[in-house]
Amino acid sequence: MIPETTAVCPAFPAFFAIEITFPEGWHTYWLNPGEAGAPPRFMWRIIPSGPPPVLEFPSPARFDDEGIVTYGHSSPLRILATWIPPPGLKPGSKVSIDLKAEWLICREVCEVREGEADLSWPVQATPPEPVSEHIPLFRSLRGSLPVRDHGWRFKLIETDQHWTLQTRPPAGLSLPPPLGILFFSRHPGVVSTLPPVVSHSLAEGWSFQMAKGPVALPAGDPFEGNLQISNWATSLWVTVRTRSTDGAREEKQGAEVEEKTR
Amino acid sequence: MKPTFPLLILAAAAAAVTLRAEVAPPKAELGKPAPDFTLPDPAGTNWTLSAQKGRYVVLEWINVDCPFVKKHYGSGNMQTLQKVYTEKGVVWFAICSSAPGKQGHFAPAQWPALLEERQAKPTAVLLDPEGKVGRLYGARTTPHMYIIDPEGLLIYAGAIDNQPSPDPKTLADARNYIREVLDAALDGKPVSPTSTQPYGCSVKY
């Protein structure tokens, strides 16, 4: 674990990186591993107390093993962790974050790897300084994450067989026809691993139609994932919250689920 | 000069056709008749799915060297399921689709010792080294589980449980889908879930 700052300040987000390394030629898995594999697992112990860190994985890559498509990462995998120190932490004290992790690496075969790491931070009353030698690493790490505050607008249409994601870029952004489109669903099995089919209309902009996977989107969960478009050099985090529909007829014809800006 | 636009459309259509041909979906579909097959066990006896009509059938994709399969066999979880349900009349086929030279492939003569060592209790291990039945069912992971009802309809496809980890300790909190589906089905109740996301090593086709 690599801290971004020299200390933590109560109630101010603190950041650190989790680095997982393994031999070249192997890969590990994203949050949704795709058609095989398993995501990494993280078990935390925080002293004196605090919520578990929130993790952001870099944009995943697509791997094809004899037609079995998985989503994952080559070595090194660096994950951004955000931890909110409890407001009651006393300046002058220390916090320690202990991590036990388990991850799967595969090439022709799969192996389980385990690791432990710990991080100790002094608590101070003022916002802390960055660790100067870690600045380039965190700049690179943030650059590897799907962009969340991107100003794009999305609309999701759900039919029996497909999800169709309509996209609108931020005003003034003119883009060529998209190439090299990949969508990595946050939820395993909800979206097929087949690449999206693209269409365009003046009214709807660029639309990406994706076959549904074998698993239903859990009730109440938003439709989420990483949309990558290679010739737009774009990797966006998409979140669309599903809305209940008004009747079977409407649903059959393609129920509009929601529009959301992030 | 003729416009090239129609040619572009044709090229795109051809590409789409090629893509679809390469990724032909598996023929096993939930709620539909499970594709029939015949595979040999390590002793050379052929087993045919359609010959099992009238009984529930479990298909378990197996690779004994996969960490996820080791979790379920090392803990005794898989053997318990096999024993409990075969004693209730369920047919349990553990199918190995590992290709020769790939992880999990063993010569037929090696299988009796592998099963004995694990005290495995399937009705039979079936050998599918060409991966034909694995691909027919769209088996992607080890384990990947399928349940077929006495009418021959596929009623479940997916994971063994909801704990996608190779750590046996996760079994304590696991929701075992196979147990849930078989218990409901054997009681004549509606089955749920019918489809979950399988986890594990990729099948070594």
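Here is a short tour of the two chains of this predicted model.

**Stop 1: a sheet in chain A.** Select strands E4, E9 and E10 of chain A, which form an open, antiparallel sheet in the order E4-E9-E10. Strand E4 (41-47) and E10 of chain A are at the edges with a single partner strand each, so one side of each has no neighbour in the sheet. From one strand to the next, the twist averages 10°. Now look between E4(A) and E9(A): seven bridges join these antiparallel strands. To find a bridge pair, pick Ile47(A), whose partner in E9(A) is Ser96(A).

**Stop 2: where the chains meet.** Show both chains together: 22 residues of chain A are in contact with 21 residues of chain B. On the chain A side, strand E7 (68-73), strand E9 (94-106) and strand E10 (110-122) each give two or more residues. Colour that side by residue type and you will find 13 nonpolar, two polar and seven charged residues.

**Stop 3: a sheet in chain B.** Move to chain B, where five strands make an open sheet of mixed pairing, ordered E5-E4-E3-E7-E8. Strand E5 (124-127) and strand E8 (154-158) of chain B are its edge strands, pairing on one side only. Neighbouring strands here are turned by 20° against each other on average, direction ignored. Zoom in on strand E4 (residues 91-96) of chain B, which runs parallel to E5(B) and is joined to it by four bridges. Ala94(B) has Val125(B) as its bridge partner in E5(B).

**Stop 4: a helix across the strands.** Finally, select helix H6 (residues 177-186) of chain B, which lies across strand E3 (57-61), strand E7 (145-148) and E8 of chain B. Relative to E8(B), helix H6 of chain B runs at about 170°.

Terms used:
Residues numbered from 1 in each chain as written. Chains lettered and ligands numbered in written order. Predicted model: local features only at pLDDT ≥ 70, side-chain atom pairs only at ≥ 80, totals over all residues. Pairing = 2+ DSSP bridges. Axes fitted to C-alpha atoms, helices over the stretch in contact; angles between N-to-C directions. Contact = placed C-beta atoms within 7 Å. Nonpolar A, V, L, I, M, F, W, Y, C, P; charged D, E, K, R; others polar.
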